[in-house]
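Subject: Structure handover

Hi,

Here is the structure for your files. My notes on it follow below.

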Amino acid sequence: MSAFNHEVGEKLREIAVLLKTQRANPFRYQAYFKAANTLDNLTEDLDELVQAKGMKGLTDLPTIGSGIAQCIYEYVATGRISRLETLQGEADPIELFQLIPAVGRTLAQRIHDSLHLDTLESLENATRHGQLDKVEGLGIKRKQAIEAWLLKHLNERRQSLKQGQQSNLVPVRLLLQVDDQYRRKATAGKLPLVTPKRFNPENKAWLPILHITHEHWHFTALFSNSERAHQFDHVFDWVIIHFSDDKRREGQHTVVTETHGFLLGKRVVRGREAECQEYYQANQKD
């Protein structure tokens, strides 16, 4: 058994245990346990398999579906699994963007603040639509370096999705519904608690997490435990919602309380404010 295969398998088991502890659907966490066992019994080295066959080489393996394949591919490419970090309450887009050699901490912060992006996939999508032009102080050579790195490391995953499909897959009404359910259950103390390693000097279990399925979408919601959220005292206002389905489609959104304009005081999905305004206008009685 390859040591690297076992290493990745252990990461999948960590995900499985967290999903089980956090009361996710049994089908979801059992799938990760089964995939980990598959990797333990795999004779070919995962790194070589991915280099030779990409995502298809992973999904061709027994018990490994597209969602888990993306986790494995991400670990091979970057040495981390964002889904695991999310379940641990450790996800930090600033640190994630710093994986790109051309991006330092200051630039990572500007990308996040300017474009409201939280994942490498969303950044890759932004580069294809020219949105990096909105980031102050980002020159042509650095933009090209970012695009080249993302193309190299995420191209296989991008091709498994329809271009431009990720950003608005889930209706805002559904995201706002999940946000409402999460905050109400968190306030009532009805959710399991995560013990994040970051910004938690007393090592307390304080971060509520929700796993729920609506209209074939699987959602995971939790308050933001990012440096930015702590800096501006918005930890218990900013809600990160991760979504996925069984068709290789996944992504995440941040829901916040709007501080100005027509939507003042209302919950809105960052980057989709116009849709939120239409939603609230159509539901004035709410």
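Is H216 buried, partly exposed or exposed? H216 is partly exposed, because its relative accessible area is 49%. The classes are buried (under 20% relative accessible area), exposed (over 50%) and partly exposed (in between), with a 1.4 Å probe and protein chains only.

Ground rules next. This is a predicted model, where local features need pLDDT of at least 70 and side-chain atom pairs count only at pLDDT 80 or more, while totals for chains, interfaces and linings use all residues. Residues are numbered from 1 along each chain as its sequence is written, and side-chain values use heavy atoms, with hydrogens and water left out.

Overall picture

The protein has twelve helices and six strands. These are DSSP runs numbered from the N terminus (helices: H or I, at least four residues; strands: E, at least two). The radius of gyration is 19 Å, close to the 19 Å that the globule rule gives for 286 residues, so the protein is as compact as a globular protein of that length. That radius is taken over C-alpha atoms, and the rule is 2.2 Å times the number of residues to the power 0.38. The C-alpha trace spans about 60 × 50 × 40 Å along the principal axes.

Of the 286 residues, 51% are buried. Take the contacts with a separation of 6 or more: 53% of them join residues 24 or more positions apart. Contact means heavy atoms within 4.5 Å.

Charges: there are 38 positive and 37 negative side chains, and the centres of the two sets lie 3 Å apart. Lys and Arg count as positive, Asp and Glu as negative; His and the chain ends are not counted. Each charge is placed at NZ of Lys, CZ of Arg, CG of Asp or CD of Glu.

Aromatic pairs

The whole structure holds six aromatic pairs. Rings of Phe, Tyr and Trp (its six-membered ring) pair if their centres lie within 6.5 Å; planes under 30 degrees apart are stacked, over 60 edge-to-face, and the rest tilted.

One of the pairs is Y182 with F223: the centres are 4.8 Å apart and the planes at 65°, so the pair is edge-to-face. Y182 sits in helix α10 (residues 172-187) and F223 in strand β3 (residues 217-223), so the pair ties together parts that are 41 residues apart in sequence. Y182 counts as buried because its relative accessibility is 0%. F223 is buried too, at 7%.

Y279 and Y280 have ring centres 5.3 Å apart and planes at 70°, so this pair is edge-to-face. Y279 is partly exposed at 25%, whereas Y280 is buried at 15%. Ring pairs also link Y182, W206, F223 and F236 into a cluster.

R28 lies in helix α2 (residues 26-40). R28 is buried, with a relative accessible area of 16%. Beyond its neighbours within four places in sequence, R28 contacts L19, H211, H218 and T220.

R142 lies in helix α9 (residues 140-159). R142 is partly exposed, at 39%. Not counting residues up to four places away, R142 touches A102 and L107.

Backbone

Most residues other than glycine have a negative phi. T63 has a positive phi, near 75°. T63 lies in the loop between α3 (46-59) and α4 (66-78) and is partly exposed at 44%. H216 has a positive phi of about 70°. H216 lies in the loop between β2 (207-214) and β3.

Best regards
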